[in-house]
Amino acid sequence: MNKDLIMQKSGLIIGHFEPLHLGHIRSILHASSLVDVLHIVITRHPNPNPKFPVTLQDKARWLQMACRDLPFIKIHICDDFSFPVHDSIENITINIDSYNAKLDYIKNTLQIVDEATLLVTEGHPLSKEAVTSALNIEVETTPLHREFDSIAIHYNPIANWDIIHPEARSSYTRTVAIVGGESSGKTILAHKIANYYGTDLALEMGRLYVDSHLGGTEEGLQYSDYAAIALDHAQAVREAMNQAKSPVTIVDTDFVTTQAFCEEYEGRTHPFVAACIDEFRFDHTLFLANNTPWIDDGMRSLGSPEARDRFEDKLTEIFERHNITTHHINSPDYFQRYQEAIVYIDQHIFAE
């Protein structure tokens, strides 16, 4: 028999997946056991969470990565219409004609000509017998995982962090950049906060670059190095966000600081660094006052009061130039700075 003529049973799962969570994955895995090929169709959420804007492409990427080793699962985007959100089987009015039109459109778009089944969770309004009998497609159900409340997760992903799928977490973690002049305690504070929350930390790339490419001193540092430093820093931030363990991701130093050093030492703005400032916008920026003791570690050169004030003013000017709002921490006491940072993060991220 020609294998091309063998009929396959195709399954459809249609959802918002905003965000993708473990309940979704468990339903997908169960559904995939009921059909030969499972098509997952991602649609727009009718009420997107304004605090966490995500695109259909973001959601497709999450599912593609989660299911990349399962070749019988196919991921699709549908931007032509959305389906309503149903949180209960009761008191729901279903527009049968509208649903049939949308289902026919999806089947035609995906060119599904074989036997097809729509897969929904138990308790979904489309699983009601009066509805299923009127739809132009067979309906089967997958178990309802009551411990996963998609609506609650959608509106408060921070409180439901542990059940968001790891592939989706990069879109829901909040970045906090720790910035300031030389010897302002940025790195120590960044490590303290990362440890406090058990989260990821994107390290300062300038210092690592000097060590790996310039022999540990800034003697050979030149204008062309600033683009490489910014590029390394962007990669470090992406990696930290992609493996986010927590709703907060800490960033030691930002692109504004890199630009400030370039303008200080080279006397000109670097366009690539400026582009990075605008492209990689951190959610929060904690600006440490340059009023802690200056420590000469062999790589610092802006230790005089005049130089420290000048550099802090330069940072302020660049932040204003790029319309970045910062939160100033002015206490010269290291522990007080740590406490203020924790209070800020708790209020602006975990209490959203």
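**Exercise 1.** Determine which residues are linked into a cluster by ring pairs.

*Solution.* Ring pairs join Tyr196, Tyr197, Phe335, Tyr338 and Phe350 into a cluster, where rings of Phe, Tyr and Trp (its six-membered ring) pair if their centres lie within 6.5 Å, with planes under 30 degrees apart counted as stacked, over 60 as edge-to-face and the rest as tilted. This is a predicted model, in which local features need pLDDT of at least 70 and side-chain atom pairs count only at pLDDT 80 or more, while totals for chains, interfaces and linings use all residues. Residues are numbered from 1 along each chain as its sequence is written, and side-chain values use heavy atoms, with hydrogens and water left out.

**Exercise 2.** Find the residue that lies over the face of Tyr338.

*Solution.* Lys192 lies over the face of Tyr338, at 5.6 Å from the ring centre; the criterion is that NZ of Lys or CZ of Arg is within 6 Å of the ring centre and within 35 degrees of the ring normal. Arg268 is placed over the face of Tyr223, at 3.5 Å from the ring centre.

**Exercise 3.** Classify the pair formed by Phe261 and Tyr265, and state whether each residue is buried or partly exposed.

*Solution.* A search of the whole structure finds eleven aromatic pairs. Among them, Phe261 and Tyr265 are stacked, at 5.9 Å centre to centre and 15 degrees between the planes. Phe261, with a relative accessible area of 16%, is buried, whereas Tyr265, with 30%, is partly exposed; buried means under 20% relative accessible area, exposed over 50%, and partly exposed in between (1.4 Å probe, protein chains only).
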